[in-house]
Amino acid sequence: MNKQTDQLELNRIIAQQTLLDESVVEAFISQLFIEIEKSIIVDSHIKVDGLGIFRIIKSGDSHRILYLGSNTPIDNSIDLSHISREAENRYSDTRGTDTELEPTSSLEENIMTEEKEVESKVSIPQDPQDEADAIVIRNFLDSERNTNRNRVVTPTNHRKSNLVKTCIITLIILAVLGIGYIILSGSSIKPKEKVMNNITFKEMDNTDTINYSRIIIPESDVSLQYIARTYYGNDIYWPYIFEANKNIVNNQFIIQAGSITKIPKIAVDLVDLHNGNEASTVQALGDEIYKSIR
Amino acid sequence: MIMDESKLCDNIRNNLKAKGIDISEKDVHNLYVSTLSNMYAILDEGQTIEVPDFGSFWRKKTEPTSVTFFKPIERLLERINTKRK
């Protein structure tokens, strides 16, 4: 069995990254999953970036959660600039109190001069709190300065920027052409079904009649769609077969001959295929699985 | 339905505020990003994450792709079944 992650360890890592208290992190995680639970109950099908898709399906008399984990991490970054600014403002407030009688003309001074002034002041902290603030402010100023330095436009930078723009435009054009080709050639993002005729299945003893209607062994390689059509009457139900047999399905959505295959119990009247919305939801679920595997 | 991050973060922020924890929008955003990216990284290391009162996540590394599993706790299923009846 895999090593279990200590919840406190996760809280500690997040607290370090976000510079927040561990108790706040714990409360946040708890609240996050409460919100996810609420959404699952209301919408039956939700996608959380970086975590995956949760879907409620009816299985017999009760409901189950069908989960498809995300294969890509969340595409976002942590922004701590507000914390640096708060520290800087706090320092400025203190400084302002100390130098109330200074002329306001200092506001018009050169930014670099001001930065140097701030730096020189923060370099002689009076107590540990000031020292911590000084470090935060210095790091902030350094990062701001580096950003400004990077922003300086030179002919080389200009050429690089043009090259990047050209590359991006070329990629967009290629993507559009690719999509056009797919549309014109009549392809769809649906697993191609291997042409198979008269595939026979050997039935095994079903030891879990609550969850599975049958346990079978295909005598030759077979697609998920073929099994769905054979046992549920329509190939649209292939995601249920996939979910129950993830460990033996290959990336072509084929189950190899001789693999023990579970046929989950589902209410096949769950989806009214004459209802366009419901059919498209099942289709969308299949497409999500397909995209995540490919 | 794709969960709208800003709406989700707003709800969480309001609920935390009601519990006496007042944090800024940026802090909530940072917590959201950090939680999900760290969960992803921990699962990728082959560890299991148990979310209290919700369920367990783990990832099985296979070729050509990895598969992530989720096992809800019994009480979560009971709550869902009760509320959907």
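I take helices (H or I, at least four residues) and strands (E, at least two) as DSSP runs, numbered from the N terminus. For a helix, the expected span is 1.5 Å times one less than its number of residues.

Ground rules: this is a predicted model, so I keep local features at pLDDT of at least 70 and side-chain atom pairs at pLDDT 80 or more, while totals for chains, interfaces and linings use all residues. Residues count from 1 along each chain as its sequence is written, with chains lettered from A and ligands numbered from 1 in the order in which they are written.

**Chain A, helix α1**

I looked up α1(A), residues 7–18: its twelve residues reach 17 Å from first C-alpha to last, close to the 16 Å expected. Just after the helix, L19(A) has a positive phi of about 60 degrees.

**Chain B, strands**

I count strands as paired if DSSP finds at least two bridges between them. β1(B) (49–51) and β2(B) (55–60) run antiparallel with three bridges, and I49(B) partners F57(B). Three residues separate them in a hairpin, where D53(B) in the turn has a positive phi of about 65 degrees. β2(B) also joins β3(B) (67–72), antiparallel, through six bridges; R59(B) stands opposite T68(B) there. That hairpin has six residues between its strands.
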